[in-house]
Amino acid sequence: MPTAKQWNLPNQISLGRLCICGLFVGDVSVSWSYSATTALFLFALGSLTDWVDGWIARRNNLVSDLGKLLDPLADKILICAAFLALLERGIVPLWAVVVIMAREFLVTGLRALIAARGEVLAAGPSGKWKTLAQMVYVLLVLTQMALAELGMGKWMSDRLWGILTAALLWLAVTITFVSGVLYFYRCRALVFSEEGLVEGGREALGCRPCSAGSGKRMARS
């Protein structure tokens with residue numbers, strides 16, 4: 001059971017983002033007059049808390065095992081929910097959503113394998129760029145939907161809008177795919193060898209030991 005120390009401010013913010021995810025899913029699941037506008041507000045708020053909780057944790061040395069689980073979990077739920085909502089509305093193609101969700105499952109599985117050996121796979125820059133690209137794309141699409149919903153019209157031509165959103169989607173999917181490949185490459189020794197951590201070396205995998213009793217600990221992905 002989490003201790004009082006683990007329920008620090010960054011973890012409370014991460015837990016709040018999980019609640020925002022639930023509100024987001026509920027909003028996009030119901031057809032009403034301001035669904036897109038509310039979805040934009042909730043997603044923007046969730047994206048902001050993703051930066052805030054990490055900044056507070058690093059600044060005040062409040063990084064905890066619980067936070068390393070809650071933070072990426074909330075990110076994954078928010079991103080996957082957003083892309084599934086856009087898929088339902090015919091805005092994003094199925095293949096793009098499959099690539100994004102498959103990458104999340106792959107990295108989560110790799111982290112679980114390494115955590116079972118008492119290690120933590122350090123987060124790579126590609127994971128942060130992946131999250132940023134995905135959030136920018138979703139925010140842009142939701143903004144356009146909200147403007148149309150509020151009767152404010154389009155802020156660019158259909159042709160330019162199509163080019164911009166297509167380029168951002170391809171960028172987000174490409175970074176997502178590449179980051180998944182990089183994570184898998186870093187963990188190849190573990191995946192293909194029973195003694196991967198010994199033979200491959202912790203440095204090659206970017207791993208560091210867990211603290212006592214933290215075998216299930218996860219880093220941001």
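Guide: A residue counts as buried under 20% relative accessible area, as exposed over 50%, and as partly exposed in between (1.4 Å probe, protein chains only).

Visitor: Why is Tyr-137 called buried?

Guide: Its relative accessible area is 2%. The cut-off is under 20%, so Tyr-137 is buried. Before we go on, this is a predicted model, in which local features need pLDDT of at least 70 and side-chain atom pairs count only at pLDDT 80 or more, while totals for chains, interfaces and linings use all residues. Residues are numbered from 1 along each chain as its sequence is written, and side-chain values use heavy atoms, with hydrogens and water left out.

Visitor: How many aromatic pairs does a search of the whole structure find?

Guide: The search finds 5. Rings of Phe, Tyr and Trp (its six-membered ring) pair if their centres lie within 6.5 Å. Planes under 30 degrees apart make a pair stacked, over 60 edge-to-face, and the rest tilted.

Visitor: What makes the pair of Phe-24 and Phe-43 tilted?

Guide: The centres are 6.0 Å apart, so the rings pair under the 6.5 Å limit. The planes stand at 50 degrees, so the pair falls between the 30 and 60 cut-offs and is tilted.

Visitor: Why does this pair tie together parts that are 19 residues apart in sequence?

Guide: Because Phe-24 sits in helix α1 (residues 9-29) and Phe-43 in helix α2 (residues 35-59). Helices are DSSP runs (H or I, at least four residues), numbered from the N terminus. Phe-24 and Phe-43 are both buried.

Visitor: How do you know whether Phe-83 is buried or exposed?

Guide: Its relative accessibility is 1%. That is under 20%, so Phe-83 is buried.

Visitor: What makes Asp-50 and Arg-17 a salt bridge?

Guide: A salt bridge is a side-chain nitrogen of Lys or Arg within 4 Å of a carboxyl oxygen of Asp or Glu. Here the closest N and O atoms are 3.7 Å apart, so the pair qualifies. Side chains of opposite charge can pair when their charged atoms come close. Asp-50 is in helix α2 and Arg-17 in helix α1, so the bridge ties together parts 33 residues apart in sequence. Asp-50 and Arg-17 are buried. They also belong to a network of salt bridges with Asp-53 and Asp-75. By this rule the structure has 7 salt bridges.

Visitor: How do you know that Glu-104 forms a salt bridge with Lys-76?

Guide: Their closest N and O atoms are 3.4 Å apart, so they meet the 4 Å limit. Glu-104 lies in helix α4 (residues 94-116) and Lys-76 in helix α3, so parts 28 residues apart in sequence are tied together. Both Glu-104 and Lys-76 are buried.

Visitor: Why is Glu-88 called exposed?

Guide: Its relative accessibility is 63%. Exposed means over 50%, so Glu-88 passes. Glu-88 forms a salt bridge with Arg-89, with closest N and O atoms 3.6 Å apart. Arg-89 is at 37%, between the two cut-offs, so it is partly exposed.

Visitor: What makes Thr-176 buried?

Guide: Its relative accessible area is 0%, and the limit is under 20%, so it counts as buried. Thr-176 lies in helix α6 (residues 158-186). Contact means heavy atoms within 4.5 Å. Leaving aside neighbours within four places in sequence, Thr-176 is in contact with Val-99, Ile-100, Arg-103, Lys-130 and Gln-134.

Visitor: How do you know that the side chain of Thr-176 makes a polar contact with the side chain of Gln-134?

Guide: A polar contact is a pair of N or O atoms within 3.5 Å; within protein, one must be able to donate a hydrogen and the other to accept it, and residues adjacent in sequence count only if both atoms are side-chain atoms. The two side chains come to 2.9 Å, so the distance is inside the limit. The Thr-176 side chain also reaches the backbone oxygen of Ala-172 at 2.7 Å.

Visitor: Why is Ser-47 counted as buried?

Guide: Its relative accessibility is 11%, under the 20% limit, so Ser-47 is buried. Ser-47 is in helix α2. A polar atom of its side chain lies 2.8 Å from the backbone oxygen of Phe-43. Leaving aside neighbours within four places in sequence, Ser-47 is in contact with Leu-78 and Met-135.

Key
Helix = DSSP H or I, 4+ residues; strand = E, 2+ residues; numbered from the N terminus.
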